[in-house]
Amino acid sequence: MFIGHFAVALAAKKTVPRVRLGTLVMAAQWLDLLWPVFLLLGLEQVKAAPGITRFSPFDFVSYPYTHSLAAVVGWAVLFGGVYFAIRRNVRGAVVLGLLVISHWVLDWFTHRPDLPLYPGGPKVGLGLWNSVAGTLIVEILLFVIGSAIYLKTTRTKDRIGSIGLWCFLVFLLLMYFAASFSPNVPPQNQLAWGALSMWIFVPWAYWIDRHREVRT
Ligand SMILES: [Zn+2]
């Protein structure tokens with residue numbers, strides 16, 4: 001899943017309005033933000049395998065540190081713990097931890113059974129990616145709902161708050177379509193550098209959020 005994770009981050013603003021959108025995006029995307037780092041370090045592997053699912057042409061050969069359920073629970077505790085240490089906001093910390101776990105749950109719906117329960121353990125995945133239409137419908141629907149919730153929860157303070165947000169949403173959608181329908185299937189290193197570029201959305205989300213305020 002790709003924009004579905006952003007949808008969850010946008011929607012979470014309603015539950016924890018004091019937490020910055022950048023932090024929410026970082027939590028919901030945390031596993032995929034770490035993943036390219038582990039790929040480049042040679043600790044995890046992915047392989048181009050066109051046709052392995054109808055939607056995604058990648059074989060996630062091994063990613064125990066970023067995408068095994070046991071490791072994800074550890075990352076969630078760490079993420080929530082660090083946030084609590086800095087902000088002393090229990091509710092925020094809990095929601096951020098749940099956002100980290102939500103990434104795995106959404107991936108569990110979409111991936112074929114390639115997500116380990118623990119490193120070396122049995123692999124699970126419900127395989128939504130075996131349906132192109134199903135994947136697009138679910139993910140775009142989530143994205144529209146998440147965006148609508150964020151728009152309803154906050155209002156803009158200036159033009160950056162509205163233009164910046166709309167650019168953010170449209171750019172994500174365009175990236176999603178480009179990645180989904182690109183005929184070229186990059187090898188591991190190229191994919192990892194591409195995935196690293198997703199970090200740009202974290203400061204971008206902080207920037208938008210600073211130019212918006214919670215509706216009262
Ligand atoms: Zn993922």
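Which helices and which strand do the buried residues of helix 1 pack against? I began my notes with this question, and I found that they pack against helix 2, helix 6, helix 7, strand 5 (154-156) and helix 8.

**Ground rules.** I noted that residues are numbered from 1 along each chain as its sequence is written. I also noted that the model is predicted, that local features need pLDDT of at least 70 and side-chain atom pairs count only at pLDDT 80 or more, while totals for chains, interfaces and linings use all residues. I took helices (H or I, at least four residues) and strands (E, at least two) as DSSP runs, numbered from the N terminus.

**Entry 1, helix 1.** I looked up how far helix 1 is covered, and 11 of its 13 residues are buried, where a buried residue has 20 or more other C-beta atoms within 10 Å of its own, an exposed one has 12 or fewer, a partly exposed one lies in between, and C-beta atoms are placed from the backbone. The buried residues are Ile3, Gly4, His5, Phe6, Ala7, Val8, Ala9, Leu10, Ala11, Ala12 and Lys13.

On the helix 1 side the contact includes Ile3, Phe6, Leu10 and Lys14, and on the helix 7 side it includes Glu139, Leu142, Ile149 and Thr153, with two residues taken to be in contact if their C-beta atoms, placed from the backbone, lie within 7 Å. By class I recorded 11 nonpolar, four polar and three charged residues in the contact of helix 1 with helix 7, with Ala, Val, Leu, Ile, Met, Phe, Trp, Tyr, Cys and Pro as nonpolar, Asp, Glu, Lys and Arg as charged, and the others, Gly among them, as polar.

Which residues touch the most other members of the largest nonpolar core? Of its 46 residues, I listed Ala9, Leu24, Val25, Ala27, Leu96, Leu99 and Val100; a nonpolar core is a set of buried Ala, Val, Leu, Ile, Met, Phe, Trp, Tyr and Cys residues joined through C-beta atoms within 7 Å. Helix 1 gives the most to this core, with eight residues. I looked at Leu99 separately, and, leaving aside its neighbours within four places in sequence, Leu99 is in contact with Val8, Ala9, Ala12, Leu24, Ala27 and Ala28.

I found Val19 in the loop between helix 1 and helix 2, and Val19 counts as buried because it has 23 C-beta neighbours inside 10 Å. Leaving aside neighbours within four places in sequence, Val19 is in contact with Leu24, Gly92, Val95 and Leu96.

Helix 2 and helix 10 pack at an angle of about 150 degrees, with their axes 7 Å apart, and that makes helix 2 roughly antiparallel to helix 10. Val202 lies in helix 10 and is partly exposed, with 18 other C-beta atoms within 10 Å. Not counting residues up to four places away in sequence, Val202 touches Gly22, Val25 and Met26.

Lastly I turned to Arg88, which sits in the loop between helix 5 and helix 6 and is exposed, with 9 other C-beta atoms within 10 Å. I wrote down its phi, near 55 degrees, as a positive value in a residue other than glycine.

Terms used: Axes are lines fitted to C-alpha atoms, for helices over the stretch in contact, and angles run from 0 to 180 degrees between N-to-C directions. Angles under 35 degrees count as roughly parallel, over 145 as roughly antiparallel, 65 to 115 as roughly perpendicular and the rest as oblique.
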